[in-house]
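Colleague: Could we go through the charged contacts in this model together?

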Amino acid sequence: MDQEHEACAAALGVLSMSRSADALRAVLAAYQKHFTHEEQLLDTHLYADMSATSGTGFSAAGGQRRSHFADHKRLLVDIEKQLVIAQAGGSVPMQFVRQVAEDFEVHAKTYDDSYAEPLSRLMAGASS
């Protein structure tokens with residue numbers, strides 16, 4: 001997971017320097033790869049029992065899952081919209097570049113930091 005976060009950060013760094021559609025496309029690809037993998041890990045280990053309890057009342061974990069995965073979608077949609085504009089010509093506005101980097105940092109602090117320890121514990125238990 002750390003390597004995926006580093007790949008996302010590296011892609012953001014290239015975007016910051018070049019502000020090109022290709023660099024934005026690389027950020028999108030890094031995010032898609034990371035988010036897909038992260039969601040699979042979370043559903044396998046942390047949210048494994050969600051299907052058994054879905055729709056049967058309040059679930060803090062279910063709410064966290066929905067909110068977290070919805071934020072993934074939001075981050076991707078924001079980039080996809082800007083990519084359409086950037087492909088039409090011109091560079092990616094610096095304000096957008098800053099916003100994408102800030103959104104990624106806020107996402108990591110809001111969601112990823114909260115599950116890192118429990119997910120690591122569950123994955124370690126699953127491999128022993």
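This is a predicted model: local features need pLDDT of at least 70, side-chain atom pairs count only at pLDDT 80 or more; totals for chains, interfaces and linings use all residues.

Colleague: Which residues are linked in a network of salt bridges?

Modeller: The network consists of Asp71, Arg74, Asp78 and Asp103. Arginine 74 pairs with aspartate 78 at 3.5 Å, N to O, and with aspartate 103 at 3.4 Å. Aspartate 78 and arginine 74, by contrast, both lie in helix H4, 4 residues apart, about one turn of the helix.

Colleague: Is aspartate 103 buried or exposed?

Modeller: Aspartate 103 is buried, because its relative accessible area is 12% and the cut-off for buried is under 20%. Arginine 74 is partly exposed at 34%, and aspartate 78 is partly exposed at 29%.

Colleague: And what does arginine 65 form a salt bridge with?

Modeller: Its partner is aspartate 43, with the closest N and O atoms 2.7 Å apart. Arginine 65 is in helix H4 (residues 60-87) and aspartate 43 in helix H2, 22 residues apart. Arginine 65 is partly exposed, at 25% relative accessible area, and aspartate 43 is partly exposed, at 29%.

Colleague: Changing topic, where is arginine 19?

Modeller: Arginine 19 sits in the loop between helix H1 (2-18) and helix H2 (21-46).

Colleague: What does arginine 19 touch, beyond residues up to four places away in sequence?

Modeller: Its contacts are Val14, Ser91, Val92, Pro93, Met94 and Val97. The C-alpha atoms of arginine 19 and valine 92 are separated by 4.8 Å, although the two are 73 residues apart along the chain.

Terms used. Residues are numbered from 1 along each chain as its sequence is written. Side-chain values use heavy atoms; hydrogens and water are left out. Helices (H or I, at least four residues) and strands (E, at least two) are DSSP runs, numbered from the N terminus. Contact means heavy atoms within 4.5 Å. A salt bridge is a side-chain nitrogen of Lys or Arg within 4 Å of a carboxyl oxygen of Asp or Glu. Buried means under 20% relative accessible area, exposed over 50%, partly exposed in between (1.4 Å probe, protein chains only).
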